[in-house]
Amino acid sequence: MDLADKLVIAISSRVLFDLRESHEIYENQGIEAYSQYQIEHENEVLEPGEAFPLVEKLLHINQLLPEGKGVEIVLLSRNSADTGLRIFNSIEHHRLPITRAAFCGGRSPYRYVGAFGCHLFLSTHADDVRSALNHGFAAATLLPSTRAQTDTDEVRFAFDGDAVLFSDEAERVFQSDGLDAFQSHEVEKADLPLQPGPFQPFLAALHRLQLAGGEAMRVRTALVTARSAPANERPIKTLMQWGVAVDEAMFLGGLPKGEFLR
């Protein structure tokens with residue numbers, strides 16, 4: 001069995017569950033004390049972490065699609081296999097259909113993102129995320145949120161453009177030669193599609209989910225970019241050339257993105 005027809009998202013154990021207490025033991029007392037603590041508490045269920053609601057929403061998508069399609073969540077953890085028993089016991093308690101994992105014994109798990117065919121890797125460990133990005137994989141650091149979780153089952157993904165969905169070709173022009181040169185460059189190459197960036201396969205997989213699920217699919221996507229006209233034409237034509245659509249596109253011309261994302 002392979003995962004070629006699925007959206008595959010890798011998550012670390014610290015984004016799925018609240019491991020602050022045991023992580024503090026690791027930080028203050030070292031790996032042996034941490035391992036012993038997890039083994040001694042392996043039957044104590046872990047509370048949900050930052051990504052738990054997202055994971056629940058994503059796995060709910062599988063109810064709308066035939067078996068073999070939909071979403072696969074893979075656990076990539078710095079834990080060792082013995083300390084990982086508590087993780088899987090908690091997964092079973094919360095009735096999450098997560099069956100695949102790699103426990104890396106203290107080493108970075110990003111090395112297995114490609115092997116599992118993951119479209120996205122979510123972690124609280126910034127170095128692991130950076131390593132994944134440096135090797136061409138879509139990855140993001142999940143930050144603590146003070147916002148209350150909404151009760152909607154809709155999942156929303158907002159993407160930046162240059163160096164995220166698209167390559168950093170145009171961004172390099174902007175950084176080296178300024179805004180006017182960037183605008184001229186993009187107008188001149190408006191009919192030449194941009195090369196894919198690290199998050200393009202993730203957006204493409206989301207789009208396939210949307211097509212498979214039709215109107216019942218509660219996934220929504222947006223492009224939120226600092227670009228403005230006339231530099232908006234090239235990314236739109238690029239998405240069309242890829243055969244990928246976004247539900248919303250915002251060309252903000254340098255305005256702060258925070259309010260739009262809220």
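The model is predicted, so local features need pLDDT of at least 70 and side-chain atom pairs count only at pLDDT 80 or more, while totals for chains, interfaces and linings use all residues. Residues are numbered from 1 along each chain as its sequence is written, and side-chain values use heavy atoms, with hydrogens and water left out.

**Salt bridges**

Side chains of opposite charge can pair when their charged atoms come close. A salt bridge here is a side-chain nitrogen of Lys or Arg within 4 Å of a carboxyl oxygen of Asp or Glu. By this rule the count is 17 salt bridges. Three of these pairs are set out in the table.

| Pair | Closest N to O distance |
|---|---|
| Asp160 and Lys257 | 3.0 Å |
| Asp168 and Arg172 | 2.5 Å |

Helices (H or I, at least four residues) and strands (E, at least two) are DSSP runs, numbered from the N terminus. Burial is judged by relative accessible area: buried means under 20%, exposed over 50%, and partly exposed in between, with a 1.4 Å probe and protein chains only. Glu72 is buried at 6%, whereas Arg100 is partly exposed at 25%.

Asp160 lies between β6 (155-159) and α7 (169-177), and Lys257 lies between β8 (248-251) and α11 (258-261), so the pair ties together parts that are 97 residues apart in sequence. Asp160 is partly exposed, with a relative accessibility of 31%, and Lys257 is partly exposed at 23%. In the pair with Arg172, Asp168 is partly exposed at 34%. Salt bridges also link Asp162, Glu169, Glu186, Arg227 and Arg234 in a network.

**Aromatic rings**

Rings of Phe, Tyr and Trp (its six-membered ring) pair if their centres lie within 6.5 Å; planes under 30 degrees apart are stacked, over 60 edge-to-face, and the rest tilted. The structure holds eight aromatic pairs. One of them joins Tyr26 and Tyr34, whose ring centres are 5.9 Å apart and whose planes stand at 75 degrees, so the pair is edge-to-face. Tyr26 is partly exposed at 36%, while Tyr34 is buried at 9%. Phe174 and Phe182 also form an edge-to-face pair, because their planes stand at 75 degrees, with ring centres 6.0 Å apart. Phe174 is partly exposed at 35% and Phe182 is buried at 6%. One aromatic cluster is made up of Phe157, Phe159, Phe199 and Phe202.

**A charged patch and a strand residue**

Which residues gather in a patch of negative charge on the surface? They are Glu21, Glu24, Glu27 and Glu44. Patches are made of residues with over 30% relative accessible area and no salt bridge, like charges being joined within 9 Å and nonpolar side chains (Val, Leu, Ile, Met, Phe, Trp, Tyr) within 5 Å. Glu27 is part of helix α2 (residues 20-29) and counts as exposed at 52% relative accessibility.

Thr225, by contrast, is buried, with a relative accessible area of 3%. Thr225 is in strand β7 (residues 219-225). Between Thr225 and Pro235, ten residues apart in sequence, the C-alpha to C-alpha distance is 9.9 Å.

Terms used. Accessible areas come from the Shrake-Rupley method with a 1.4 Å probe; for residues, only the protein chains shown count as cover. Lys and Arg count as positive and Asp and Glu as negative; His and the chain ends are not counted. The place of a charge is taken as NZ of Lys, CZ of Arg, CG of Asp or CD of Glu.
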